[in-house]
Amino acid sequence: MKLPQCCLLAVLLVTGASHVLAEDWRGSYTLYGTSGLVEMPSAFSRPDGEIGVTLGGFETQQRASFSFQVTPRFSGTFRYARFAEFTGPGTGDTYDRSFDLQYQVLTEGPLRPAVAIGLRDFLGTGLYTGEYVVASKTLLPNFRTTIGLGWGRLASEGGFENPLGVLDRSFLERPRLDSGVGGTPSWDQFFRGDAAVFGGAEWQINDQWLATAEYSSDSYQRETRVGVVARENPFNFGLSYTPQPDYAISAYSLGNSDIGLSATVILDPKTRIAASGFEPAPVPVAARNGVVVPTESTVQAATAAALMKEGIVLQSLSISDSTAFVRFANERYRAEAQALGRVARVLTTTLPPEVESFVLEPTRSGLSLSRVTIRRSDMEDLENRPDAAATGFARSTITEAQATPEDAGVALQNDRFAWGLAPYYALQLFDGSNPLRGEYGLQGDIRFALRPNLFLEGTARYRVSSNRSGARVSDSVLQPVRRNVALYGQERDIAIQDLALHWYERPGQSLYSRVSLGYLERMFAGASAEILWKPVDSRLALGAELNYVVQRDYDLGFGAQDFEEIGGIYDVVTGHGSVYYDFANDFHGRIDVGRYLAGDWGATVALDREFPNGWRVGAYATLTDVPFEDFGEGSFDKGIRVTIPLDWALGTATRGNTDVRLSSLSRDGGARLDIDGRLYDTVRDGHVAALQDGWGRFWR
Amino acid sequence: MMKYFTFVTLMILGACGPLAQSQPTALVFDGFVRLAGDALGNRQDGSDVVTREAIDASLRPLALFAPVNSENAKLFAAEGQNGTVVTWLSEDGDSLALRNGLIVATRGLGNDLMGSNASQLYASILDGRGQYVRVHDYLDGEDQIVQSRLQCNVEFLRDDQIEIFGRTFTTRLIRENCTGANTTFQNLYWIDGVGLIRQSRQWVGARVGLVDIQLL
């Protein structure tokens, strides 16, 4: 094996390094949306939890990428690329999805370089597939270098015999990629075939400007062969401008033949411009001073009015000896702990002085979630003190809410009917043939509560934008339970999204149940029943769900769709057993096993990184007994989902979220019913883990 | 055509009804409306409406609050008391917890001082002598409390006559110098004969910075 001369020099540079570590570097994202140089990766990680959304490319290739630093060492990138003139000048475009993973095996030390290993485009149809091992080192406070070894597409320039061939002869040949329908890891290709060296350097000119130079091992072999790319040399140069930590703009010279441009938006879930938010101040704690004792009915009325100003609905209040029992529904604050703090403060101003203990039960959908006991003396002592949150949490007790409370007191008459009318938008990104499909219009919501835990809820939409016609519905042997989603709501402008009766109960200690009846989601109507076992302080939860549904009519009215192929309407019994586990380190795992909408049996595994401020980023995959060829493009259902809490983005107090899902095309295998109000997410906000995460906001 | 008209009309009206308030479109729209209002200068500067007659006529004690790097001043009124700390409330819902004019905590400023030991330091500041540790609690982006400890010393500068809206006070000017891991600041206090901090410039935290307070 021979190494080119230049690479020996680079190796010397890397090993003869000085003691500088990369701490204040902004670094840059590549044209592939990963952390690195211009197109080559580097071994440096982005800050933990950072999300980078990059839009970049050059004349014949553009890429939209979403990258997430899952842990300080592990990152993943999802990419959607457009290949213009795919098979030659004048031919059509191809869109392709790819997914990368990188793991930093060694962090940078005073003498040691950072070392990482990565897989590029390891699922999917393999247009960018390559693997690499890379090392990077900071040589001077504003200068750092990278050198690496690549395989696959990253060995198309200057390739030589695979050094791993000494381990096993099979590494010397890279088998042709038989991607089938794509979407499965190309195990038999990893690190096989020729290898090539790549490398480069970064120079941080000042706080805002970064210059990059690289020697690329990607020669754009296929693109050169069909005549759409003609790189003169393997050297790429880039210049990045980062005026703020949130975004960067870069320009590149690629092989002296193409100009590249990119823009990156950087989101850091861990930082917020206004960390405590701009919501109005809570009521100050009132010290007890020998006040006149009010009657119970005026206490209730005063408390209900004061809580309503805080966006909290009082559901019941009763006083027995020196203890007050309060049940409430928080409709404004994302952190239930913040609602608890507000309730406790209000109680210090409205309750007679002999009440010393507050027993508070936050509720959601009429279910009491937990029982939090707080002493009034602690409220008086700790207000505005340092460590008030931690001390208060330690002094309070959190237990199970009673299933049938003997201390129900007088349940107050709450508003039964609520409605809303707002504009809506719905975007679908990266559909097979279209990067962006969207619609917008008016959405009307209604809610009629017969009791707090028994209510009718519905949403209807009136579409203003032109309809998304022309969406392709591919062929399959499976019943089109999701594949034909584009046909729904195509014809008419008015659509009933959902309209169902929901009934929530607590069958016992640590048990919660739900029964829903009606038009459960856009495509299905029927009945759904669910039960969840989740003790208030447990990391583990177990659930089971059983549904009987019928596929709805395409016009999203009240009827069921008639399918000629099966001679009538399509109905199915689906159900799952679920295990949920909240790991201690911000990670959350979930496994569901059961029967999916197309009648297939299988399991879904999901792993999410959940930040204490409500941000969630995670991935899931579903494997069922549908063979990959029958499933279609993608082979099996998988995706990435991101939840952005709106109070983080806007600074006002709100429970709203924006959910973004990047997934395979809507396919029929592994499809689940999309019901709002499933028990686990309803209930977990009031349990110990969530309360502890948000307790910093108790006094806010 | 009719459809677009309907849509635009509803966009202008924003979202209606309680259930629409947590829609992302509604929240973003409200945010824009608020920003536009601020930009158009709808907010009245607090110090414009204050006169000695208005202050004397007020049922509650009033205070004027102005962040040093902003042009607007806000009026606060004393609302409640817990021990030695009085909570003052502004019209738009911000609050200040003060002990005789010394900031103990704030709410609604975006990067609030969630709590501090300032109340225990009041005596030392009044004295004009000594060294101590200030403890400040703030929220970080992940809703966790982060604590900042600062080494402080306090010194008497001089006697000073100050005038607040027509009334003069004989005060002692005290300066507090604090240094912490990433922060250094100097607070100035004009303290009258009965221990009230009539006028001051105090550090709240990063982003909010220094604020001027006058007890009217």
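This is a predicted model: local features need pLDDT of at least 70, side-chain atom pairs count only at pLDDT 80 or more; totals for chains, interfaces and linings use all residues.
Residues are numbered from 1 along each chain as its sequence is written, chains are lettered from A in the order in which they are written, and side-chain values use heavy atoms, with hydrogens and water left out. The model as a whole scores ipTM 0.90 and pTM 0.89.

Turning to the interface, 65 residues from chain A and 54 residues from chain B take part in the contact, which means heavy atoms within 4.5 Å. Between them the two chains bury about 4,500 Å², 59% of it on carbon and sulfur atoms, buried area being the accessible area (1.4 Å probe) that two parts lose on being put together, summed over both.

There are 3 salt bridges between chain A and chain B, each defined as a side-chain nitrogen of Lys or Arg within 4 Å of a carboxyl oxygen of Asp or Glu. One salt bridge joins Arg700(A) to Asp112(B), with the closest N and O atoms 3.4 Å apart.

On the side of chain A that touches chain B, strand 20 of chain A gives the most, with 8 residues, strands being DSSP runs (E, at least two residues) numbered from the N terminus.

Technical notes: Helices (H or I, at least four residues) and strands (E, at least two) are DSSP runs, numbered from the N terminus.
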